[in-house]
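Dear colleague,

I am passing on the model we spoke about. My notes on the sheet and the aromatic residues follow it.

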Amino acid sequence: MSKPRVLLVEDDDIIREVYALKFELEGFPVMAAEHGAAALELLKQFKPDIILLDLMMPVMGGLEFLEALKGMIPPQDYPAIIVFSNISEPGEIETAMKLGVGAYWVKSDYTPERVTAELANWWASQSQR
């Protein structure tokens, strides 16, 4: 099974660069955006299988991005979305899940190695459904 194409949406330059490099080294096709508006632009040329999405970002945050995405992509082409944020408040998690998020990962609980391993496992489990 090939690795999924990943769109990483993260405003922190260091986190974005570290994770994008880790994805590349592990064989994941990856593109990265610094906020939701930039990610929407990337979606015009890059069709990810998974979007790894931060919530708190300048210009356009993750929840705004999710709202905009719904009107932009037909349901059959909708990528899997994993929120990757340090916000762990139940209300925020519930809101994200209602907007179609498949999983919610708290950044402080993850290392780049764990993210790539769990992303591959998560993708494999989703592909079997």
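Which residue in S2 is the bridge partner of leucine 8? The partner is alanine 32. This is a predicted model, in which local features need pLDDT of at least 70 and side-chain atom pairs count only at pLDDT 80 or more, while totals for chains, interfaces and linings use all residues. Residues are numbered from 1 along each chain as its sequence is written, and side-chain values use heavy atoms, with hydrogens and water left out.

Sheet. Two strands pair if DSSP finds at least two bridges between them. S1 (residues 6–9) is joined to S2 by four bridges.

Aromatic residues. Tyr19, Phe84, Trp105 and Tyr110 form one cluster. Rings of Phe, Tyr and Trp (its six-membered ring) pair if their centres lie within 6.5 Å; planes under 30 degrees apart count as stacked, over 60 as edge-to-face and the rest as tilted. The whole structure holds four aromatic pairs. One of them, tyrosine 19 with phenylalanine 84, is edge-to-face, at 5.3 Å centre to centre and 70° between the planes. Tyrosine 19 lies in helix H1 and phenylalanine 84 in strand S4, so this pair ties together parts 65 residues apart in sequence.

Regards

Terms used:
Helices (H or I, at least four residues) and strands (E, at least two) are DSSP runs, numbered from the N terminus.
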